[in-house]
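Biologist: Hi, could you walk me through this one? I'd like to go region by region.

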Amino acid sequence: MTHIEWKTNGLYIRLAAPSDAPISLEYLAPSTADSSLIRGSQSLVELFTSREQRGRTSQGYVRSAVGDRLRYQEHNEGTYGSEQVLTIRQRDDDTGLEVETELSVPDDAAAVTVQHTVRNSSDSTVTLTAVSSLSVGIGEHEDIANELDLLWGESEWLAEGRWHEVPLRSVVPRLGLPIHAQNGRGRYSLTSHGAWSTGEFLPIGVMTERTSGLALAWEIETSAGWHWELGQGLDGLYLSALGPTDIEHHFATSIASGGQFTSVPATLAVSSAGRDGVVAELTAARRARRRVRPIDATLPVIYNDFMNTLMGDPTTEKLLPLIQAAADAGAEYFCIDAGWFAKDATWWDKVGEWREDPERFTGGLRAVIDSIHARGMRSGLWLEPEVIGVNSPIADSLPREAFFIRHGERVVEDRRYHLDFRHPAAREHLDRTVDHLVATYGISMLKLDYNINPGVGTDLDATGAGEGLLGHTLAYRDWLLSLYERHPDLLLENCSSGAMRMDQNLLAVTHLQSTSDQQNYELYPPIAVSAPLSLLPEQSGNWAYPTPEMTQEETVFAMASGLAGRLYLSGFLHTLRHEQQQLVAEAVALHKAWRGNLSQSSARWPLGLPGWDDNILLVELETATDALAVVWSRGSGEEIELPYAAMDQVYPAAEPAWRIRYTPQGRALLDVPDGRSARVFRVRR
């Protein structure tokens, strides 16, 4: 038995490489820990082809026939930038398939990202139907499920990021496998559907051991299909995480002799400090791999005219007072949202040309943007680059191959065609669009939306439609990076009907994520509180949109959602009462004072992750030297005990302070009142 031991960047990794079995990851833990949830002999790589699926039947993506025949060839260690990389090569002599696995560990994060490249060294074409991104064993016996809790998330439009923490045994039943001397055949799984990667479930999971605090988190990093599952074997549990698959996503890819396919990356994070500790490690890994330019690091305050405001119908007369009010409140960017290109509100099926309509703006769009610049703000515009309406003037000007095609037909979803960024004509059309907008109007930001789900993908130039979708999403990401090369000061927001495509494939290369389209301010807090589990706090674009009808306390409540992440302003600010305008300006000032810490912070949830209808909600954003806690009351209040040695109210300054007492053990007792109100505190543990 050969063992590969790797101690790097505070992480201890051990892999087993037997001569008669494939490589397995048998230990993964922080170097300071004395135990690991990762155990067992589960193959690190599971590989399915059209000819050979499982070697032993089950519902799960484990025990694949080809994967079981992989044998260790060699491994190498190296350093690439700030990451330590271990590369392992395995081979299946029967098919001639070779798998090169890359494990990369960033600085300052107890996390490893795994990605496999499958190469065909045979003389014939091989069709892959699924390749695991990572596969690991958990525990060493079936009863390990009794000791673990599972955290998983679901999402939908207006109700993003609803997390559920349950005993693992409630979803993985006791089977009595030793009696049968066989591994289990079922699984507990979550799967994406179509092109909204986070439109139904989230590609993230967390597992914690109740007694020890050992925790494991995983994340699949793709905008295409993904699937993760937990199942049982004689020697414990397994976790398998994959990109697109044949059964779930209509995926297949044919590799000719000498060709290759690379799986989507997936990250494993570990901690001995429970759920919050492992989420902090996952946060650190995301931060380490994100493409951050000097302009991204400034974290400007952005005002957008859409939410609860113009709703896609901007005009000169409507925009000018908003521009002045946004500047007065302290906004640094002003983004004109949807409708700027249209003659009237019936633009949904006419989008795609992205040219200003001459009748919409008095004096033209340039005059409006000049007024934004004159008030010291930078300007932004809304764009939905991947769609062209069926009644767009350019719907038939691009080649048919530049669109999603299925079974010979151009795909239509809600009166829109979907562009395929694998085709150069699609990218060239959007290159011309962006270059025109930057050169003509001097814009500094694009809000990139994605409002349709066209299904499993495109089967043009693809073995399966899921392969076409994966290829498009990778090409779209590359196109975003190409924009940065030409326009290094251009900010890009990743929006998708709120957060229907909020995945690390795109978050790693964009500036900001709109966390929801939710317009009911009472419903936004659970979205804002949970967002840092899916993305970086500095990317969590939480809308704050006060209205004149709100009381002072309700105004504070609405602004607190923005302060729980990246403050994203909207609303008819010029119609607010003077006292409300002061609260808005005060929130903006606090956010500016805190934002230097925001990009160093990770989230904690002292009250646990929120239920959708919880009355009291809290999220803490903590750095090595400072921390803010945002608390909401949206029903009946109560006194809550918190792990804080000190709590100082920092927002709002002029409103009544919530009563705080301290226990002899140095914990805070916060008296949360009834009704809709919120407070922001600087806290010390």
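This is a predicted model: local features need pLDDT of at least 70, side-chain atom pairs count only at pLDDT 80 or more; totals for chains, interfaces and linings use all residues.

Biologist: How much space lies in the largest pocket?

Modeller: About 690 Å³. A pocket here is an open set of points on a 1 Å grid over the protein atoms alone, where a 1.4 Å probe fits, with protein on both sides within 12 Å along at least five of seven lines. The volume is the space filled by probe spheres set on the points, which are joined across faces, edges and corners.

Biologist: And which residues are closest to its centre?

Modeller: Gln115, Glu221, Pro265, Arg289 and Arg477, out of 31 lining residues; lining means having an atom within 4 Å of a point. Two or more lining residues come from each of strand 7 (97-106), strand 8 (111-120), helix 4 (274-289), helix 10 (465-486) and helix 11 (504-507). Helices (H or I, at least four residues) and strands (E, at least two) are DSSP runs, numbered from the N terminus.

Biologist: What is the lining like by class?

Modeller: It has nine nonpolar, 10 polar and 12 charged residues. Ala, Val, Leu, Ile, Met, Phe, Trp, Tyr, Cys and Pro count as nonpolar, Asp, Glu, Lys and Arg as charged, and the others, Gly among them, as polar.

Biologist: Switching to Thr253: buried or exposed?

Modeller: Thr253 is buried, at 5% relative accessible area; buried means under 20%, exposed over 50%, and partly exposed in between, with a 1.4 Å probe and protein chains only. Thr253 is in strand 17 (residues 253-255).

Biologist: Which side chain does it join in a polar contact?

Modeller: That of Glu467, at 2.8 Å. A polar contact is a pair of N or O atoms within 3.5 Å; within protein, one must be able to donate a hydrogen and the other to accept it, and residues adjacent in sequence count only if both atoms are side-chain atoms. Beyond four places in sequence, Thr253 also touches residues including Val126, Leu128 and Phe261, where contact means heavy atoms within 4.5 Å.

Biologist: On to helix 9. How far apart are its end C-alpha atoms?

Modeller: They are 25 Å apart, which agrees with the 26 Å that its 18 residues (424-441) should span at 1.5 Å a residue. The expected span is 1.5 Å times one less than the number of residues.

Biologist: What do its buried residues pack against?

Modeller: Helix 8 (365-374), strand 22 (378-383), strand 23 (387-389), strand 28 (445-448) and helix 10. Among the buried ones are Leu430, Thr433, Val434 and Leu437.

Biologist: Where are the positive phi values in residues other than glycine?

Modeller: His250 has one of about 55°, in the loop between helix 3 (246-249) and strand 17. Leu299 has one near 50°, in the loop between helix 5 (294-297) and strand 20 (302-304). His250 is partly exposed at 40%, whereas Leu299 is buried at 3%.

Biologist: Which residues does a cis peptide bond join?

Modeller: Tyr651 and Pro652, with omega about -5°. Pro652 lies in the loop between strand 37 (646-651) and strand 38 (660-662).

Technical notes
Residues are numbered from 1 along each chain as its sequence is written. Side-chain values use heavy atoms; hydrogens and water are left out.
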